[in-house]
Amino acid sequence: MNTEAEVARKRVVVLPGDDAAPEAVGATMDVLRAMKLDIEYIEFPTGEHWVRKETEAKAREAIDNSDSTLFGSTSGKTTAILYLRWGKQTYANVRPCRYLKGFRSPLKNPDNIDYVIVRENLEDAYLGLEGPLEQLAPMKPYSRILRAPIDTSANGRYSIKVITEKNTRQVARFACELAMKRKRAGGKGKVTCTSKYNMLREADEFFRRICEETAKSYPELHYENFIVDDFARRIVQSPHDFDVVVMPNLYGDILSDAAAGTIGGLGVAPSGCYGDHYAYFESVPGTAPDIMGQHIINPTATMLSAAMMLEYLGFSDAAKRFEEAVRKVYAEGRVLTPDQGGNAKTDDFARAVIANL
Ligand code: IPM
Ligand code: MN
């Protein structure tokens, strides 16, 4: 009847994350289990084990022996995110911004918003290259803006961002391939690159140039650049213009939260981090510590991330069924969590999804 039977048994590590995230992961697991797919789930308990060295090694081994990981958001306690990103080289952080009817969007006309942020996931300002200014003294740093040396004896800190050709090219290629795939499914066939290339004339201009070069190998795609501040306005005023947007790590972190805000919040924003040999899936964080233990966290973001995971693992029909079931719950609008204007609990939402499968 479908091709799912041909997919070999897969193994998925489940790391529930911190604060209220495990409640969302639990609800998502209820749906996954109800789907009875040929997947073995290796479920870890919440948070703390990553702090202890011996159990951290165990979880790493489980990740290494798995096809994917479903990851609950971390507030810092679950440190597996470092291994899942840098250890597994998941360089493309894919954050779809797609409005479904029933999401509580603050925009007047959110229908059909459907674009994807592809955030470079491994470098930029995320390498921990920071410290007291005095560390820079041996470099004798000279500011071309001030046209004067930087006073490294001042009390202050520096932070360095790094953009490499390899990482930029691989994420740019990923974005182009994604735009091609979306185009084949009726998408716009467009890649937008955004960075602060007018001011950061080395790092961000380099990012822009590599993206533009990469896009030249995809003549079927339309390519454009926007400076990141201008782009931030555009996702509020004209979000329908976008298809696939590629950007450096830090802008991607910030703008993916902003993008989530335009369609209904972090509770409905999924994500997946893809490398050449591994991918893991998490909601756009958010661990919602303020509502921890109340069982009212919206599991939609985690569920839509799990659907992305099913697609990645080759369970395409199941991924569509899962998404469709979520879509129906919103279209009906009867069982919604408080962030979306309802009074349903996390588990009520899961049951509604299961009923729609
Ligand atoms: C995200 C999160 C993480 C990030 C944190 C938890 C390190 O904000 O995935 O967007 O900054 O990448
Ligand atoms: Mn973030």
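Biologist: In which strand is Thr-69 found?

Modeller: In this predicted model, Thr-69 belongs to strand β3, which covers residues 68-71.

Biologist: Why is Thr-69 called buried?

Modeller: The term requires a relative accessible area under 20%. Thr-69 has a value of 0%, and is therefore buried. Among the residues that Thr-69 touches are Val-13, Leu-15, Ile-63, Leu-84 and Phe-281.

Biologist: How do you know that the length of helix α8 agrees with its number of residues?

Modeller: Helix α8 comprises 14 residues, 300-313, and at 1.5 Å a residue should span 20 Å. The C-alpha atoms at its ends are 20 Å apart, so the two values agree. Just after α8, Gly-314 adopts a positive phi of about 100°.

Biologist: Why is α8 described as largely enclosed by the rest of the structure?

Modeller: Of its 14 residues, 12 are buried, and the description follows from that count. The buried residues include Thr-300, Met-303, Ala-306, Met-309, Leu-310 and Leu-313.

Biologist: Which residues have the most contacts inside the largest nonpolar core?

Modeller: That core has 80 residues, and those with the most contacts inside it include Leu-32, Met-303, Leu-310 and Phe-322. Leu-32 touches Ala-306, Met-309, Leu-310 and Phe-322, among others. A second, separate core has 14 residues, including Ala-59, Ile-63, Ile-81 and Tyr-280.

Methods
Residues numbered from 1 in each chain as written. Chains lettered and ligands numbered in written order. Predicted model: local features only at pLDDT ≥ 70, side-chain atom pairs only at ≥ 80, totals over all residues. Heavy atoms only, no water. Core = buried A, V, L, I, M, F, W, Y, C linked by side-chain atoms within 4.5 Å. Buried < 20%, exposed > 50% of the residue type's maximum accessible area, 1.4 Å probe, protein only. Contact = heavy atoms within 4.5 Å. Helix = DSSP H or I, 4+ residues; strand = E, 2+ residues; numbered from the N terminus. Expected span 1.5 Å × (residues − 1). Lists of a residue's contacts leave out its neighbours within four places in sequence.
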